[in-house]
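Take a first walk through this structure.

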Amino acid sequence: TRCVVSLDSSGNSLHKRGYRDHTNLAPINEVLAAGLVLLSGWDRKSNFVDPMCGSGTILIEAAMIAANIPASYHRECFGFETWMDFDKGLWRFVFDEAMKKVERDNRPLILGGELSPHVARKAESNIASAELKDMITIRNSALQDLEAPEGGGVLVLNPPYGERMDKDEDINALYKSIGDTLKKRWAGYSAWVITSNMEAAKHIRLTPKPKIKLFNGALECRFMRYELYSGTRKREDAPASPS
């Protein structure tokens, strides 16, 4: 006695922004990438870095957020454009009003590092497709060798979870290397790491706060923040040393 009628107003899934022509193995969903940027609390002014950037999705979403570019600006069409009562003039008005809010003059440093030259080229191609070459810099560099830009900022990292790594690759050693590098080279940054491998995450050997539950596809993950300081941070509630 009941009937549900649904209208597909988008066509392809809305996470398919339209800029990503080249991807690496297991690329992060564009919507999740945008969510990570927003959850990090980035102020859109300070440095933003993804030192294991893959095909560049997190960087592109960060640049779009910084410039206030509508999320589906690069899509060629939406499902509602095929509806019989589609008002092309109204859609053009809505689109133009959204584009008036774009802030191209807001150009924080957005930096990506990628070890593989082949994957780095994919990132550069996607950035070009998104028309953001003037906002994002890609360096062909390992995490351990990437120079931290001065002034601090936010670092977002989506390392391998171990799901697709070769048997001879040590996931725990990788996460230990991430922790060591963050401590040695990224003082003054808030580092956020997303992973589903909480056992490997223990080898970062830093205390995360908070740990936000997220899903990357079917994988339950934690998005963890590490505040990075120079030297040893003194607790405010610690008792004073005796004179």
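Contact here means heavy atoms within 4.5 Å. Helices (H or I, at least four residues) and strands (E, at least two) are DSSP runs, numbered from the N terminus. This is a predicted model, in which local features need pLDDT of at least 70, side-chain atom pairs count only at pLDDT 80 or more, and totals for chains, interfaces and linings use all residues. Residues are numbered from 1 along each chain as its sequence is written, and side-chain values use heavy atoms, with hydrogens and water left out.

Start with helix H5 (171-185). The expected span of a helix is 1.5 Å times one less than its number of residues. H5 has 15 residues, so it should span 21 Å; its end C-alpha atoms are 21 Å apart, which agrees.

The buried residues of H5 are Ile171, Tyr175, Ser177, Ile178, Gly179, Thr181 and Leu182. What covers them? Among the covering elements are S4, strand S5 (189-195) and helix H6 (198-201).

Now look at the N-terminal end of H5. Asp170 caps it, with a side-chain oxygen 3.0 Å from the backbone nitrogen of Asn172.

Step back into the loop between strand S4 (153-157) and H5, where Asn158 sits. Is Asn158 buried or exposed? Asn158 counts as buried because its relative accessibility is 19%. Its side chain makes a polar contact with the side chain of Tyr161, at 2.8 Å. A polar contact is a pair of N or O atoms within 3.5 Å; within protein, one must be able to donate a hydrogen and the other to accept it, and residues adjacent in sequence count only if both atoms are side-chain atoms. Beyond its neighbours within four places in sequence, Asn158 is in contact with Ile28, Ile58 and Ile194.

Next, the cysteines. A disulfide is a pair of cysteine sulfur atoms within 2.5 Å. By this rule the count is zero. Cys53 is in no disulfide; the nearest cysteine sulfur, that of Cys221, is 19 Å away. Cys53 is buried, because its relative accessible area is 6%. Cys221 is buried too, at 0%.

Finish in the core. A nonpolar core is a set of buried Ala, Val, Leu, Ile, Met, Phe, Trp, Tyr and Cys residues joined through side-chain atoms within 4.5 Å. The largest one has 56 residues, and Leu36, Phe48, Leu132 and Ile136 have the most contacts inside it. Helix H2 (residues 57-66) gives this core its largest share, eight residues. Leaving out residues up to four places away in sequence, Leu36 touches Ile28, Ile58, Val156, Ile194, Leu214 and Phe223.

How values were computed. Buried means under 20% relative accessible area, exposed over 50%, partly exposed in between (1.4 Å probe, protein chains only).
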